[in-house]
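Please keep the sequence and the coordinates at hand while reading.

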Amino acid sequence: MAPIQSESYQKFDLRHFLSGRANEIGLLVAILVLYAFLAAFASNFMTLPNQLNILRDAAFVGIIAWGMTLVLISGEIDISVGPHVAFAGVLLASLAQSGVPLAVAALIVIVLGALIGCFTGVLRAFLDVPSFIVTLALWLGLRGTAQVMSDAVPIVIMDFSFQRLGAGWFLGIPTPAVIMLVLFAVFSFVATRTVFGRSVYAVGGNAEAARLSAIPVARVRILVFAITGALAALTGILMASRLGSGNSGAASGLEFDIIAAVVVGGTSLFGGRGTMLGTLLGVVFIAALVNGLVLMGVDPFAQGIVRGVVILVAVMVNIISIKRMRGRT
């Protein structure tokens with residue numbers, strides 16, 4: 001009898017594991033279908049240089065997406081990250097132009113990015129201003145500030161060694177992609193193996209219950225926005241390095257790709273649910289989709305329509321796959 005009980009227990013564990021990973025499995029299938037379609041209809045899509053290019057483009061979405069995942073899990077949202085990237089690049093270029101060493105300028109930009117995130121978190125945590133409203137105001141303010149600082153003209157950064165940071169390679173992999181993957185490992189650990197990570201899920205699931213359980217809800221909210229602000233600043237530095245300038249018009253619409261990647265990855269807009277692995281798959285899906293549409297020669301104005309439809313279908317497929325997987329268990 002003991003071996004039979006052990007075998008059934010193992011089967012139950014497998015089903016439980018699959019149920020808990022239903023979203024990731026469904027999204028992986030969607031990525032494979034997308035790759036098969038683009039390989040058939042988009043010339044040069046499956047070539048190694050193009051796949052490395054997808055990795056590089058994915059990094060500019062993925063780095064911020066790790067912070068955005070925490071924000072959405074906590075039940076909040078941040079739509080200011082696109083203008084924040086542009087502002088960070090312009091500020092970096094302005095500081096460099098004024099004689100500040102690039103390493104020092106980069107540190108200043110990242111610290112300021114975290115402080116801007118803290119400002120958002122404080123308004124949300126202590127004044128109860130909805131995060132959508134706060135970040136909408138920042139969306140307007142940061143983009144406008146970047147345009148005023150640069151007169152809407154790119155500020156060139158004359159440092160070729162710095163340009164290798166965003167456009168260079170490390171062991172045959174684009175440097176931004178390496179940074180993205182290292183940060184993925186860090187934030188996966190934070191989300192699943194730390195008290196802070198568990199607190200983020202608790203706050204997003206039920207903030208009042210978390211407060212009654214002695215979880216510092218205000219501190220958690222401030223930290224998730226501060227982290228996202230710092231990551232947006234880091235992405236701004238990498239983008240300025242890739243472009244060779246700080247550009248107030250950079251990262252236009254980036255916030256929508258980031259939120260789409262996180263939501264496609266299975267993170268709930270209502271908080272309490274989401275994984276970094278799901279977000280990683282969502283980032284790959286969005287990056288491959290955007291790249292494939294360009295290679296297929298789809299009209300730029302029509303790309304938004306196609307992306308919107310495909311993203312909606314991907315989310316629906318994930319929801320259906322999760323429900324079916326859980327129903328079977």
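Helices (H or I, at least four residues) and strands (E, at least two) are taken here as DSSP runs and numbered from the N terminus. On that basis E24 lies in helix 2, which covers residues 22–41. The model is a predicted one, in which local features need pLDDT of at least 70 and side-chain atom pairs count only at pLDDT 80 or more, while totals for chains, interfaces and linings use all residues. Residues are numbered from 1 along each chain as its sequence is written, and side-chain values use heavy atoms, with hydrogens and water left out.

**Overall make-up**

- The secondary structure of the protein comes to 14 helices and four strands.
- Of the 329 residues of the protein, 50% count as buried, where buried means under 20% relative accessible area, exposed means over 50%, and partly exposed covers the values in between (1.4 Å probe, protein chains only).
- With contact defined as heavy atoms within 4.5 Å, 79% of the contacts between residues at least 6 apart in sequence join residues that are at least 24 apart.
- The protein exposes about 15800 Å², of which carbon and sulfur atoms supply 71%; accessible areas come from the Shrake-Rupley method with a 1.4 Å probe, and for residues only the protein chains shown count as cover.

**Two buried polar residues**

- E24 counts as buried because its relative accessibility is 8%, and, leaving aside neighbours within four places in sequence, E24 is in contact with T275, L277, G278 and L281.
- The side chains of E24 and T275 are joined by a polar contact of 2.7 Å, a term for a pair of N or O atoms within 3.5 Å, of which, within protein, one must be able to donate a hydrogen and the other to accept it, with residues adjacent in sequence counting only if both atoms are side-chain atoms.
- S248 is placed in the loop between strand 4 (245–246) and helix 12 (254–264), and S248 is buried, with a relative accessible area of 4%.
- Not counting residues up to four places away in sequence, S248 touches A86, V90, R143, A146, Q147, S150 and A152.

- Helix 8 (residues 175–193) has 19 residues and reaches 27 Å from its first C-alpha to its last, close to the 27 Å expected at 1.5 Å a residue, the expected span being 1.5 Å times one less than the number of residues in the helix.
- The buried residues of helix 8 include M180, L183, F184, F187 and V190, and among them are also T175 and S188.
- V306 lies in helix 14 (residues 300–328) and counts as partly exposed at 30% relative accessibility; the C-alpha atoms of V306 and L289, which are 17 residues apart along the chain, are separated by 9.3 Å.
- F132, I133, L136 and L140 make a nonpolar surface patch of about 360 Å², patches being made of residues with over 30% relative accessible area and no salt bridge, with like charges joined within 9 Å and nonpolar side chains (Val, Leu, Ile, Met, Phe, Trp, Tyr) within 5 Å.

**Salt bridges**

- A search of the whole structure finds five salt bridges, each a side-chain nitrogen of Lys or Arg within 4 Å of a carboxyl oxygen of Asp or Glu.
- One of them joins the side chains of R242 and D57 at 3.1 Å, N to O; R242 lies in helix 11 (residues 217–243) and D57 in helix 3 (residues 48–73), so the pair ties together parts that are 185 residues apart in sequence.
- Both partners count as partly exposed, R242 at 34% relative accessibility and D57 at 30%.
- The side chains of E76 and R221 meet in a salt bridge of 3.3 Å, N to O, and this pair links distant parts of the chain, with E76 in the loop between helix 3 and helix 4 (81–97) and R221 in helix 11, 145 residues apart.
- E76 counts as buried at 4% relative accessibility, and R221 counts as buried at 10%.
- In the salt bridge between the side chains of R124 and D128 (2.8 Å, N to O), R124 counts as buried at 13% relative accessibility, whereas D128 counts as exposed at 55%.
- E76, R124, D128 and R221 are linked in a network of salt bridges.
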